Amino acid sequence: MSSAGRVEVPDELVPLLGDKPHLNVFGPTKPWVPPEGWLEDTRRRLIAIAEREELAGHPIVVDRELYREGVPVAVKEINIMTEQMLGASTEKSGSLQNLGPLFVTEHRREPTPVYFSGTQMNRYVPIVPGEAFRDSDSPQRRDAVLAYYRDLLDVLAEFPPFAVRAGALADAHRRIIGDPELLDLHRTRSVTELAEVWRTRVLTDADRTALPDFFGAAEHLSWTLTGLRAVHERLLATAGPEGAPFLDLLAALVLRLGLDSPPATIATSDLGVDGVAEIRRSMSALRAGFDGQAWRQKLRDWLERAIVAGEAETARVWAGLFWLCATTFNGLPHLPKIPDNSITVAPGYLSSLRMLCQPRRTVVNPLVTRLATMDTPGTAAAPLAPSRMDGSAKHEDTGEFGPELAELVGLGAIKPRVARIHAEAKIEALRRESGLPPVRTRRHMVFAGNPGTAKTTVAKLIGRIYAAYGVLASGEVSEVSRVELFNGVKVTAAAAKAAGGILMLEIGHDNATSEGSREAVATLIRTMDERDDLVVVATGHPRAVAEFLTVHPGLAPRFPTTLNFVDYGDDELVELFALMARRAGFALGDGVLDRVRKLVTRMPRTAGFGNAWVIRNLLEESASHQAMRISGTGTPTPEQLRDLRDTDIAVPLSIVLAPGHDGDPMAELEALVGLREVKKQVQLLVAEARAETVRVKAGLSAGERSRHMVFIGNPGTAKTTVARLIARVYADLGLLGSGQLVEVSRGDLVGQYVGQTAPRVKAAVEQALGGVLFIDEAYSLTYSDYSGDFGHEALSTLLKLMEDHRDDLVVIAAGYEREMRDFLAKNSGLVSRFPTVLEFPDYSGAELVEIFEAAATTAGYLLGEGVTDWVDMLLADVDRGPSFGNGRTVRNLLEATVANQAARIVELTDAAPEVIRELRVADLPRRL
């Protein structure tokens, strides 16, 4: 269990050896290293919950020496609930040991210090209901407070140190909200009465394991003693008997606390009355000459032997439960009470762990080197081959993965990440050979993207990198769909099959919540924690993967690395076609790639777009057409077999093309009916963009003006059409990568539960990257004042992503005039982020008639005499109220007319084409 110069330590304890940000709660909870940016992001989320408008009005009455004037009690409760969810009287270490105050540091009078050494005791004890409940509250505010605690706890429950306790308490609040009787009690009863309701009706027997301190001193003592006894017996068996029998340990602890006798409450635990009597007898034997400091040092020496014996994690748990036992004994018959800090052994454990397990450079006496180079009489000295820690041959870095990575088409954001993974694996191998502990202990990843974006190719490359440097035994990729892993047994079998390599888990949109599915997720989490010979890659569409990570609070933290595979651009798809064709042995004739490019530009980039799979299908269909062409020429020559011509390029039925857009989008804009002022504004925007390009080419810096816009107008006023044209114009100018338009509404962005909204917004933005994200009825994101509505979270997430991707994304927020102006006025910061507002007026009667004529002509119809006059009369009688559809109304009119015409001509089997194409006045409906 040791390497040169140090004792090996489990991966989960490596953070305790250095200064990497982490939280260690001594006891059963494992140390945790948060992802980068976690503290700031979580602080923002928690403060947003605490500063909801419906919670305002209760400034802090006490603790004014700690908090600024007027800080709402809900902010203070973030601190209290965070500490409570780590357990009553627990002992903590790490830079996040002061986590509760760190969350609210901006609201405290003095900045919260960050401790990188030592330990800290948690002095908070459970209080239910929380301090945010006041006797003077109205029923409506009580509802808001319940939702506040539920949402706050749900956020905490997403992260491993809080998952069990915060999850259980959040569920308790959910039970209250969902139970009419309990909810009515919480709306009407005093805080004192509610405390009794919690003890007798809210908390269930199932909560006793997760929240023993919420059930009173006796329950907490029983939970602590049973755990401490189990780990104590294990250490006695592995580290030696110097730790003393368990009851003797408790007797010495009672003496060290200065108590005359063991607390009577011990008799209610598994130790019973006989255990209390035995502790008394042991106290009598130990009392004479008992030296508390010497006893504590003896315990520290015993824990050092446990570390050397490979029981460092068990010793850490023992130190935590021992301290809980001390605080519980000291507080009985009431809740735990912090005793003299000289009783704790946790600081000594940390010192011993770092002394024994900290990597250090080996100091070699020069005599060793001199003797090693001397030949033994009668033999020749043989050179020693360098080897790994595991005895296998050292990998010679040939740089073989660089060219392979460079050859991949596109993947501009992925290649640097893979290069970094390559560098990490290489340095990790060198660290192992030098006896240093691993820096990265979790390599599980998320690959988010549409099909055909090279996710499997990249996974295989990473697998070979990890195999080459000894991170994984084989590096082979085993692919499995999540729907196949419908229970824990299937997960275990899949993990065993993939051992030594990468388990690539394809996530679909069916994130089931059945009992079997929950068991499968729990087994997956446990497998990821227990197996260091496996890397799990969760892959799928960004929205599907994001939703999967919210199924269980323990999933997201176990995937520290996310690679976003964006859709290929037009140039990259053409390059992929050329590459695939060359690999298939084809020689591309003149015009082939131009033909491919025209087809590619017409491929809609919707969710699920197949990317490379689409190009492969295109090549295979083209090869089929080539085969038909040359098969009738006798036996084709090798040159004919290789020759692929532009006339061979054909689209399979599986690819649905959008109408071609070979023309100038500005000319198409100008051809639209009406919209005179809109056209002028778009022309100014285009001129500004072109001027910006000229300035940059002249060496001037690019401007900082935001290109995001607001479109105001009633339905059917061509807002979406103009947005699509702007996307194409900006793509032609090089301001956007691909120029696609992605349409979304509130339902696509706002989740129903905590943790769903941000991933949905991110998925929509990622789909729109390189183009325009068009949000219809954008005002609906914030129209609800209900505390459980997540629209405001969607908006704040969107605004951040707009800033992050301002160089390759345009967001257009659209909706009715009054609602959109209120939307801009009520949300500070929106005006600056959406500097351009385009107003789309309703069409005049003449313009609507012109739209009818244009739509009919485009569809191939001829208008008979008097049709336009009748259309004008029909539209003049339509109510121009809020429900008026403008162009949509015209489209409905044309569809009704065509339907009537179909009924009229169905019997005209021998009629001339002109008759079939003609729309007559008789075909028009009598009214709209």
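**Close-up views of a predicted model**

**View 1. Ser-352 and the residues around it.** Leaving out residues up to four places away in sequence, Ser-352 touches Arg-300, Glu-304 and Ile-307. This is a predicted model, and in it Ser-352 is found in helix H13. Is Ser-352 buried or exposed? With a relative accessible area of 2%, Ser-352 falls under the 20% cut-off, so it counts as buried. Look also for the polar contact of 3.4 Å that joins the side chains of Ser-352 and Arg-300.

**View 2. Helix H8 passing helix H12.** Here the axes of H8 (residues 217-239) and H12 (residues 312-331) come within 9 Å and cross at roughly 145°. The crossing is left-handed. Among the residues making the contact are Trp-223, Leu-228 and Arg-234 of H8, and Trp-318, Phe-322 and Phe-329 of H12. Sorted by class, the contact has 15 nonpolar, 6 polar and 1 charged residues.

**View 3. The largest nonpolar core.** Which of the 59 residues in this core touch the most other members? They are Trp-318, Phe-322, Phe-329 and Tyr-349. Two or more residues each come from H8, H9 (246-256), H10 (272-287), H11 (292-308), H12 and H13 (346-357). H12 gives the largest share, 12 residues. Another core, of 57 residues, lies apart from this one and includes Ala-74, Leu-152, Leu-183 and Leu-203.

**View 4. A closer look at Tyr-349.** Setting aside neighbours within four places in sequence, Tyr-349 is in contact with Leu-13, Leu-16, Phe-26, Ile-307, Ala-312, Ala-315 and Arg-316.

Methods. Residues are numbered from 1 along each chain as its sequence is written. This is a predicted model: local features need pLDDT of at least 70, side-chain atom pairs count only at pLDDT 80 or more; totals for chains, interfaces and linings use all residues. Side-chain values use heavy atoms; hydrogens and water are left out. Axes are lines fitted to C-alpha atoms, for helices over the stretch in contact, and angles run from 0 to 180 degrees between N-to-C directions. Helices (H or I, at least four residues) and strands (E, at least two) are DSSP runs, numbered from the N terminus. A crossing is left-handed if the near helix is turned anticlockwise from the far one by less than a right angle, and right-handed if clockwise. Contact means heavy atoms within 4.5 Å. Ala, Val, Leu, Ile, Met, Phe, Trp, Tyr, Cys and Pro count as nonpolar, Asp, Glu, Lys and Arg as charged, and the others, Gly among them, as polar. A nonpolar core is a set of buried Ala, Val, Leu, Ile, Met, Phe, Trp, Tyr and Cys residues joined through side-chain atoms within 4.5 Å. Buried means under 20% relative accessible area, exposed over 50%, partly exposed in between (1.4 Å probe, protein chains only). A polar contact is a pair of N or O atoms within 3.5 Å; within protein, one must be able to donate a hydrogen and the other to accept it, and residues adjacent in sequence count only if both atoms are side-chain atoms.
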